Amino acid sequence: MNALETTGLGKRYRRAWALRDCSLAVPAGKVVALVGPNGAGKTTLLHAAMGLLTPTRGEARVLGEAPRTSRTLARVAFVAQDKPLYDGFRVSELLRMGRALNPRWDDGVARCRLAELRIPLDRRAGKLSGGQQAQIALTLALAKRPDLLLLDEPLANLDPLARSEIMGHLMSTVAERDITVVLSTHVIADLAQTCDWLILLSGGRVQVSGDVEELLGAHQMLTGPVEAADALAASTPVVSRRVVGRQVHLLVRASRPIPDPRWSARPVAMEDLVLAYLREPDAAALPRPTLATLAPEGNR
């Protein structure tokens, strides 16, 4: 079963599409990096998966069901970008609320984690640091014992130590439990060692989606003479090119060695892949979906 599926998902605000023709499937048990520039549709996708908005077109399904059913709400946890907490609540009161609202709540895990982090239960959430608030929000989400955890920029505005601590605990939790995590972030360095599935959005559309190892294995970074670039591009899909003097560096979509001895090749790192596609929004590692059953836009 897939943890998250969307079919032709689209959300329009007046004349602007925040998300359009988004079709993807994320297998259960993956740690997913959801990447894209500001305005690409990442938050819209996560909100649609949580049932926090009504799509203009298409649908989303989580854990095989529609969002916001009683069963999915019990199995899905979401940490929004601003890590919303009730500022006037004490930490102990947030735990009490979590226990009352969530049937799978694990109070022991929550209290143990907060004790390890030395976060006092009698302090009001609004009086704690940004890093502590982020840790509390993640603790509340994990104590829900979700099968699917959606995180919208949980590391934003945190210092490197806080980011490292949060990612470390998140990965240890994933290792202990069979859960799926979808992590939206701009911090590419945090993704390379943790995520095994990549979704890259651009302009509200899915540009890349797939297993990280398979995607990396399907690309190469080539270096060779500028004058040979056009001939290579005629036979091999080129994602991006960068000219330095008389040399050109090409990220190409090809798994087999290039027979031309003028080209030297090296494996592609995840950061290479993400940055190349971000710089080339018209490039895609998969066909864009077409929805033949939907009426033309002028007829809606």
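Reader: Which residues in helix 5 meet which ones in helix 6?
Author: On the helix 5 side there are A134, Q135, L138 and L142, and they meet E165, I166, H169, L170 and T173 in helix 6. Contact here means heavy atoms within 4.5 Å. Mind that the model is predicted: local features need pLDDT of at least 70, side-chain atom pairs count only at pLDDT 80 or more, and totals for chains, interfaces and linings use all residues. Numbering starts from 1 along each chain as its sequence is written, and side-chain values use heavy atoms, with hydrogens and water left out.

Reader: Switching to the open sheet: what's the strand order?
Author: Its four strands go 11-12-10-13, with antiparallel pairing. Strands are DSSP E runs of at least two residues, helices H or I runs of at least four; pairing takes at least two bridges.

Reader: Which ones are the edge strands?
Author: Strand 11 (238–244) and strand 13 (264–266), each of which pairs on one side only. From one strand to the next, the twist averages 20 degrees.

Reader: How many bridges join strand 10 to strand 13?
Author: Three, with strand 10 (residues 220–225) running antiparallel to strand 13. For T223, the bridge partner in strand 13 is S264.

Terms used:
Axes fitted to C-alpha atoms, helices over the stretch in contact; angles between N-to-C directions.
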